[in-house]
Amino acid sequence: MVKAVAGEAALKGRRIIKSRGTGEEHWRTDFLGKPGDGGGIKNEPQAFLIEMHADETILPHFHEVDQFQVFVSGAGSLGRNKEAAQPLSVHYADHHTGYGPINAGPHGYSYFTLRAKSDPGAHYLHKPGYREALKPSRKRHGVAAGITLSTEPVLMDLKEAKVERLLQDLDGSDGLGASLIRMGPGLKRIGPDPRATGGLYYLVLNGSLELDDGAYTAWSTVFVSRDDAPLAFKAGTKGLEALLLQFPRNSSEQSPTNS
């Protein structure tokens, strides 16, 4: 079932939480799913926004599920990758693949975390027991930085949809992929077949994405599971720029065939 959450509505639930790694406080807004409770992996999507305090650090860690992170405001760095300090940026990490630290600059740093399955919680590399939690993984991770959004008149003047592939260095033979979709007002599109992936998200960045139940503006999330039909959508009156984030299939999941 397609799950769409309007950014404006979700942000009304913004709250202060403490980092499990450092105890520092920052803001969290849940879009889909709930915070990990230390139990097992749940077969349900999980999407939330973290807004870090000025000069805060989130220490190196890994998760038990594949995930995308999208850095949307403020400035900072991700590990040794200083280019990630340029919002807008996309980061992908396979399950059981360590990354970090995430360092916020003096004006804070905000990012979405998007998962097709709910993660039990982070395993921090400075805490005992993390080695016992490690499992085999392809260990893929990468960053697409410096993504630029269109000005309003340029986007509204777009006459045909454009799709720009991101994270080109990562092997996407199992469905993994990330791209930026740009569409002028009223243009229609049908997304990729989710059966070729492990599920996928549309994250609205500019303009609005229109579905049968309404229009979704900036920072809205739309999750499409493997069991759903390809998403049919339309750009709003000011056009649309959205990220399309495709998760890899599990080894037990087969891609569709033409037979």
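Select L231 to begin: this residue is found in the loop between β17 (221–224) and β18 (232–246). Helices (H or I, at least four residues) and strands (E, at least two) are DSSP runs, numbered from the N terminus. At 8% relative accessibility, L231 counts as buried; here buried means under 20% relative accessible area, exposed over 50%, and partly exposed in between (1.4 Å probe, protein chains only). The model is a predicted one, in which local features need pLDDT of at least 70, side-chain atom pairs count only at pLDDT 80 or more, and totals for chains, interfaces and linings use all residues. Residues are numbered from 1 along each chain as its sequence is written, and side-chain values use heavy atoms, with hydrogens and water left out.

**Around L231**

Display the partners of L231 next. Leaving aside neighbours within four places in sequence, L231 is in contact with V2, R189, I190, G191, Y202, L211, V222 and V224, where contact means heavy atoms within 4.5 Å.

**The whole chain**

The protein chain has three helices and 18 strands. Its radius of gyration is 18 Å, close to the 18 Å that the globule rule gives for 259 residues, so the protein chain is as compact as a globular protein of that length. The radius is taken over C-alpha atoms, and the globule rule is 2.2 Å times the number of residues to the power 0.38. Along its principal axes, the C-alpha trace spans about 55 × 50 × 35 Å.

Buried residues make up 49% of the 259 residues. Among contacts between residues at least 6 apart in sequence, 75% join residues at least 24 apart. The accessible surface of the protein chain comes to about 12,300 Å², of which 50% belongs to carbon and sulfur atoms. Accessible areas come from the Shrake-Rupley method with a 1.4 Å probe; for residues, only the protein chains shown count as cover.

Select Y109, which lies in strand β9. Y109 is buried, with a relative accessible area of 0%. Two distances can be drawn from this residue. The C-alpha atoms of Y109 and L231, 122 residues apart along the chain, are separated by 31 Å. Y109 and A6 are 103 residues apart in sequence and 21 Å apart in space, C-alpha to C-alpha.

Move to the loop between β8 (89–93) and β9, where P101 lies. The peptide bond from G100 to P101 is cis, with omega near 0°. H96 lies in the loop between β8 and β9 as well. Phi of H96 is near 55°, a positive value in a residue other than glycine. At 4% relative accessibility, H96 counts as buried. Most residues other than glycine have a negative phi, and most peptide bonds are trans.

A further positive phi is found at D55, near 60°, again in a residue other than glycine. D55 is placed in the loop between β4 and β5 (57–58), and this residue is exposed, with a relative accessible area of 55%.

**L134**

From H96, step to L134, which touches F62, H96 and K139, not counting residues up to four places away in sequence. L134 is in the loop between α2 (130–133) and β11 (141–144). At 37% relative accessibility, L134 counts as partly exposed. L134 and Q168 are 34 residues apart in sequence and 27 Å apart in space, C-alpha to C-alpha.

**A pocket and a cavity**

On a 1 Å grid over the protein atoms alone, a cavity is a set of points where a 1.4 Å probe fits but cannot get out, and a pocket is an open set with protein on both sides within 12 Å along at least five of seven lines; lining residues have an atom within 4 Å of a point. Grid points are joined across faces, edges and corners, and a volume is the space filled by probe spheres set on the points.

Select R20, R28, F48, H63 and Y124, which lie nearest the centre of the second largest pocket among its 25 lining residues. The elements giving two or more residues to this lining are β2 (15–18), β3 (25–32), β4 (46–52), β7 (67–78) and β9 (102–115). The volume of the second largest pocket is about 400 Å³.

Finish with the one cavity of 30 Å³ or more that the structure holds. About 70 Å³ of space lies in the largest cavity.
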